[in-house]
Structures are given as structure tokens and as C-alpha cells.
Amino acid sequence: MPLVSLTDVLKDAQAKKYAVPGFNFHLYEDLVAIVEAAQEARSPVILMAAGTCIKHWGPTLAAALVKDLADRVDIPVVAHLDHASSLELIFKSIHAGFTSVMYDGSMLPVEENIANSKIAVKVARAFGVSVEAELGRVAKGEEGESAVEILTDPSDVVMFCEATDVDALAVAVGTVHGMQKQEAKIHLDLVDAVSEVSPVPLVLHGSSGVSDNDLKYIATTGFSKINIGTRLKTVFTEGIREVLQNDPSLNDQLKLLKLAVLRVKETVKEKIELLGSGNRV
């Protein structure tokens, strides 16, 4: 089916208290695995292209790949540009066909974050594209760069949303980008407090470090989009090592990737079940 916007999938999630998973992809093989898993689980899915993916593919090819796969299935698929700190990249990605973009101004003073988020919203709305922004700062940058955590103040949420008119808001509640183990200390009181006041669906970044119990709970609050990236990279590369260990003479890269990516598909289904987005379409 045709690509949909972020708003299209988050409305139902917000009303029915579940979260739609946003999965970062990097190669064609993991992109296919994510879509196949979501189709089999009957879940809406958000396919996210972040910094390394965009550097690898470019926005035009990344959007074309997502659109091609979306056309082959009958579940809602969102093409989402993740963690863009450049308005120029956002504009190029909208032109390329992305149906959702995230403006990440978390490293800027809040006034500048608001001003740039407003620009992103004004342009995106003209093309029917959704905009996610970030208030506060998740520890560690998306690409692993150092970033000091700034927990989101619930009293600032309404102000920021009203000033920018964004469609979704990423907030900092204790997660850390790039965690390999599920040991993040989540401030569940802050999760509840932000959920109570936010006028828009909330987004959780850095979920790979969050325990299953915490994720399951967070998905029933105001957090309607939960991002998953590091976990998929980990299981994919683990799969490659396992395949080569079992068959050291393998010299067919397509066979290698197709075997290794089975772990990605399995993990995607596990996350869909955990977040409650399965059997929603």
C-alpha cells in the first residue's frame, strides 16, 4: 500500500494504548526482514533512516527502497528520517519521498530548537509530512558521539508543543543510545508525568537498553512510538559471525546476508509483540 505519515499510525496507537515500533535499517536485507516481520505480525511499522544509513544510501535511494517495499505489502508503512539536525537534509528528504522527519535540535539552546522545529513543521505540512522533534537530550548521540543527558522537564512539554506544532515529541527519561545490555535506569515517574501533560504522542529513543518489563509498561502510556536500532545491528552482526563460524568456506555474500538476517526478523517480531502493535491491521 502507499506510504503513510507518522500521524496516520500514531493516532490509533495513542487511542488504544500501544506503541508502534520504529526500526532503524542500514542495508536492503535488514529492511526487507523488518517489513516481512511486520507484515506477518500484522503490525504498522516505521522504517527509520538515520545518519549512517543516509550517508550510505542518500535520501533519494533510501526513500525509494522503503516505498518499493511498502508497495508490496498491505500494512501501514512510514518512511521516517531519523535524527536530522540539518534543515537542508530534512528538505531534501521530504522532496525524496519521506513521509515523516525528525528534526533533532537537542544539542541547541531551546529557543533555537523551537525556531528550527517551526521551520521544519511549516515546510513539512505543505507536503503532508509529519514532524517529530526532541525536547531534552538522550545521553549519547545516535552515532555514538558524547552527549550529556538532559532529562525532559514536564512543565516545558506543553510550551514546546504549542510553540512548534510538532506531530510527535521525543523526550529524555533515562535511556541511552547504543546500549548493548538492557540496563538503562528509566525514570518511570517521569514517563508518567510527561505522558499526563503531552498534547502529542511521545517517542522513546534508545530503547535497546530498556528492560522488557519497562518497555511493555511504557508502551501503554503516552509513548506511541518506540525506536529500536542498536538491538537490530547487534543481532545482525551476531548472525553473520554465527553463519561464518558454521560454514567458514562460505563465499556467497548474498547467502551470508540472507541467513544472518533471519535473526533480525525474529527480533522484530519479538519487539512487535512486546509493544502491542501486532494484529492491529
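Q: What is the accessible surface of the protein chain, and what share of it belongs to carbon and sulfur atoms?
A: This is a predicted model, in which local features need pLDDT of at least 70 and side-chain atom pairs count only at pLDDT 80 or more, while totals for chains, interfaces and linings use all residues. Residues are numbered from 1 along each chain as its sequence is written, and side-chain values use heavy atoms, with hydrogens and water left out. By the Shrake-Rupley method with a 1.4 Å probe, where for residues only the protein chains shown count as cover, the accessible surface comes to about 12200 Å², of which carbon and sulfur atoms hold 54%.

Q: How many helices and strands does the protein chain have, and what is its radius of gyration?
A: Helices (H or I, at least four residues) and strands (E, at least two) are DSSP runs numbered from the N terminus, and the chain has 12 helices and 8 strands.

Q: Which residues of helix H11 are buried, and which helices do they pack against?
A: Buried means under 20% relative accessible area, exposed over 50% and partly exposed in between, with a 1.4 Å probe and protein chains only. In H11 (residues 253-260), Leu256, Leu257 and Ala260 are buried. Judged by the directions from the helix axis to the C-beta atoms, the buried residues fall within an arc of 90 degrees, so they line one face of the helix. With contact meaning heavy atoms within 4.5 Å, they pack against H2 (28-41), H10 (230-246) and H12 (262-275).

Q: Is Lys265 buried or exposed?
A: Lys265 is placed in helix H12. Not counting residues up to four places away in sequence, Lys265 touches Ala33, Glu36, Ala37 and Glu40. Its relative accessibility is 18%, so Lys265 counts as buried.

Q: Which residue has its backbone nitrogen 3.0 Å from a polar atom of the side chain of Ser195?
A: Ser195 belongs to helix H8 (residues 188-197). Leaving aside neighbours within four places in sequence, its contacts are Leu202, Thr221, Gly222 and Phe223. A polar contact is a pair of N or O atoms within 3.5 Å; within protein, one must be able to donate a hydrogen and the other to accept it, and residues adjacent in sequence count only if both atoms are side-chain atoms. The residue with the backbone nitrogen at 3.0 Å is Gly222.
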